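Please study the sequence and the model displayed below. A set of exercises with worked solutions then follows.

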Amino acid sequence: MEGSSEDGEQLHQDEGSEQEIDGEEVFGFESTDLGDDSNQVLAIEHVDIANTADQMLGINRDDLENDKQVLDFERNGHDHNSEQMLEIQCGNLDNGIDRDTVIDDQNLVSGAKDYLPPVVGMEFESYDDAYNYYNCYAKELGFAIRVKSSWTKRNSKEKRGAVLCCNCEGFKTMKEASSRRKETRTGCLAMIRLRLVESNRWRVDEVKIEHNHPFDPERVQNCKSHKKMDPGSKRKLEPSVDVEVRTIKLYRTPVIDTVGNRSSNERESGNQVDQSKHLKLHQGEAEYISNFFGRLQLTNPNFFYVMDLNDEGHLRNVLWIDSRSRAAYGYFGDVVAIDTTCLSKSYNIPLLLFVGVDHHLQSILLACGLLVDETMETYIWLLRAWLSCMSGRPPQTVLTDRCKALQSAISEVFPRTHHRLYLPLVMQSILDKLEVGASKVFQDVLNRTVYNSLKADEFEMAWEEMIQHFGLRDHKWLQTYYEERERWAPVYLKDTFFAGLVTFPPGDCMSPFFDGYVNSQTTLKEFFNIYELVLQKKHQKEALDDLESRKYTPVLRTRCNYEVQLSEVYTKEIFLKFQVELELMSDCFNVTQIHANGPIITYVIKERDAEGDMNNARNFEVMYDKVGLEVRCICSCFNFRGYLCRHALQILTYNGIEDIPSQYILSRWRKDFKRLYAPDIGSNVIDVTNPVQWFDHLYRRAMQVVEEGMTSQDHYTVAWQAFKESLNKVRLVADRHVQ
């Protein structure tokens with residue numbers, strides 16, 4: 001029974017009727033008649049990009065007016081509000097309407113929809129918002145919903161969770177079966193489970209998409225859940241920035257306050273948003289971009305891109321993401337770096353990259369963008385578009401440079417994400433801008449100050465001594481870095497998860513994703529020429545690394561059981577780094593208990609210095625929870641790198657723990673974790689009379705076989721044999737039709 005395990009909560013179940021619990025009032029999404037004069041709704045429609053791309057990127061707005069497949073929009077004149085909200089929604093238009101953003105998403109080729117299917121992790125501001133979203137999604141697809149069950153806190157009317165299901169769920173009771181009412185229930189299992197989480201938001205934590213019955217959009221209009229969606233009483237849903245459903249919210253702010261000048265590492269927004277600005281494209285580049293996207297959309301399932309046009313129809317900004325990047329984000333989207341290196345004036349292409357790190361500590365591409373400028377407005381547009389593509393799930397941590405406009409946009413779009421400055425850029429900037437930066441002595445002092453401080457007061461004292469010793473007291477620029485120290489200094493970031501994207505202390509800094517392929521002289525056409533080649537090489541390397549990790553049998557260097565345990569779990573790259581921690585356990589000694597609070601004990605453990613000198617041994621505090629088997633070291637290696645440090649391992653050993661607790665073995669590092677980069681398979685319910693949906697459905701299934709067939713030689717052999725057998729069967733059907 002759904003929700004029956006909730007401690008201290010009461011479960012309510014319906015009696016099989018369509019009557020909702022507690023008489024909740026239903027509010028629907030505000031629907032917009034796309035055939036009217038509204039200039040605020042932007043529809044997504046699948047188009048033949050190869051034939052219409054020139055019109056999407058056309059310089060003359062007149063070229064767009066007669067195109068019924070491509071859509072852009074025109075900003076309206078809402079002078080009463082400095083913030084004009086534009087929405088990009090999936091939908092079909094009866095005629096071409098001027099708009100100012102063009103979107104296409106191959107995932108919607110089987111029929112554009114306003115609402116994405118529900119996914120685990122979606123969050124809503126209220127229960128009503130969550131109910132309304134699922135109800136609108138159901139109405140659009142052609143089924144009705146009801147509340148199957150809900151629960152409240154004991155002795156309270158406060159709702160804590162609910163299960164919303166298809167109204168075809170279950171079967172009639174014996175009493176109901178004797179009535180003359182037509183049987184409508186089919187035992188359908190489609191549902192979503194909602195739970196109120198700590199942030200006072202409603203999260204989807206279980207989803208079943210598949211239905212066992214055909215949809216009937218006309219019949220369900222009269223169902224109780226949809227009847228409540230009276231147009232006159234519907235209010236506008238404002239889903240959180242974490243969940244954009246199928247809506248990208250774009251806020252156009254006419255004027256941005258002056259912030260300052262910009263440099264390659266410290267860029268800030270200009271005085272005013274110039275809506276007439278557009279990308280400076282050379283002759284033929286617009287056509288090249290359109291052809292590039294058209295070809296990718298034909299060959300890359302789930303490919304997504306969005307274009308932003310100005311009032312004259314010129315291209316301002318563009319964001320694109322391929323299907324593999326969208327799938328990879330599900331595995332490695334916890335920490336994301338936004339690389340703006342190419343936005344400096346020294347580069348020919350205004351390229352921005354969303355980058356993550358995979359299970360081999362290699363950089364992975366999560367999106368690309370071309371930007372007209374670096375205003376807060378542009379960055380908000382970019383981040384909202386990217387977030388919508390990623391099913392409304394923001395990253396846990398975002399790393400950037402010091403661009404003030406980007407920082408402000410992140411606060412707006414990702415309010416609960418940890419925003420930090422990319423430490424290698426900070427350190428390099430300090431060395432480049434100070435006269436003493438070239439001094440080996442200064443570099444050593446700076447590294448010790450930043451990387452060796454275990455507590456905030458240690459860092460602040462060491463920084464003060466450094467400033468005093470090198471005569472940097474009056475250096476105002478350096479002072480601004482110090483004032484932002486809580487965004488970049490490791491001693492302040494111990495509660496932030498970095499997944500090895502930044503190493504503390506410094507190690508091999510991760511190379512830019514297009515390192516060796518893109519430089520300051522690279523043109524836009526040259527970039528698009530090498531784009532797919534680079535991605536192919538990266539994918540091949542990942543496949544080879546996967547194969548090597550599965551076959552890798554490491555040489556064990558200690559007698560510690562932890563080494564045996566994780567040699568069978570971690571990928572080769574991660575295990576070799578973890579093995580270093582195991583070897584350094586021999587430098588740790590003299591474990592002393594200094595405090596106890598019930599099951600939580602605090603220890604101090606000493607560690608010899610790099611030369612093995614015990615006189616310079618450092619003390620590390622480690623907290624250990626005997627009940628929860630939780631361990632945390634003051635060095636915070638687990639948050640920085642994603643695996644336990646030698647100090648924590650020593651305390652586990654000291655307490656007789658033979659195996660590392662499972663919560664400290666992250667799935668993102670496992671070599672036995674099954675990662676599929678095929679696009680989401682989606683529903684099996686398709687229109688059997690629609691050849692486009694045939695292609696879409698078959699292609700997605702085939703891509704799943706391809707991805708799984710690449711995992712090993714045995715998988716490849718089975719997949720290839722299955723393909724041959726399937727092809728022979730299909731040809732037999734064709735031969736029978738000919739006869």
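The exercises below concern a predicted model and proceed from the whole protein to individual elements.

**Exercise 1. Determine how many helices and strands the protein has, and what share of its residues is buried.**

Solution. Step 1: the secondary structure amounts to 20 helices and 21 strands. Step 2: of the 739 residues in the protein, 51% are buried. Step 3: the accessible surface is about 35300 Å², and carbon and sulfur atoms account for 49% of that surface. Step 4: among contacts between residues at least 6 apart in sequence, 67% join residues at least 24 apart.

**Exercise 2. Describe the largest nonpolar core and identify the residues with the most contacts inside it.**

Solution. Step 1: the largest nonpolar core contains 75 residues, and Ile430, Trp463, Trp488 and Tyr570 have the most contacts inside it. Step 2: helix 11 (residues 440–451) supplies the largest share of this core, namely 5 residues. Step 3: at least three residues of the core come from each of domain 2 (281–421 + 522–551) and domain 3 (553–669). Step 4: a second, separate core has 36 residues, including Phe354, Trp386, Cys403 and Phe414. Step 5: turning to Trp488, and leaving aside residues up to four places away in sequence, its contacts include Leu421, Leu423, Val426 and Val450. Phe459, Trp463, Tyr481 and Leu493 are also touched by Trp488.

**Exercise 3. Explain why helix 18 (residues 646–654) is described as largely enclosed by the rest of the structure.**

Solution. Step 1: helix 18 has 9 residues, of which 7 are buried; the helix is therefore largely enclosed by the rest of the structure. Step 2: the buried residues of helix 18 are Arg646, His647, Ala648, Leu649, Gln650, Ile651 and Leu652. Step 3: the cover over these buried residues includes helix 15 (561–567) and helix 16 (572–584). Strand 18 (588–597), strand 19 (600–607), strand 20 (618–625) and strand 21 (630–633) are also among the covering elements. Step 4: just after helix 18, Gly656 adopts a positive phi of about 75°.

Terms used: Residues numbered from 1 in each chain as written. Predicted model: local features only at pLDDT ≥ 70, side-chain atom pairs only at ≥ 80, totals over all residues. Heavy atoms only, no water. Core = buried A, V, L, I, M, F, W, Y, C linked by side-chain atoms within 4.5 Å. Buried < 20%, exposed > 50% of the residue type's maximum accessible area, 1.4 Å probe, protein only. Helix = DSSP H or I, 4+ residues; strand = E, 2+ residues; numbered from the N terminus. Domains from an automatic or database assignment. Contact = heavy atoms within 4.5 Å. Areas by Shrake-Rupley, 256 points an atom, 1.4 Å probe, with all protein chains shown as cover.
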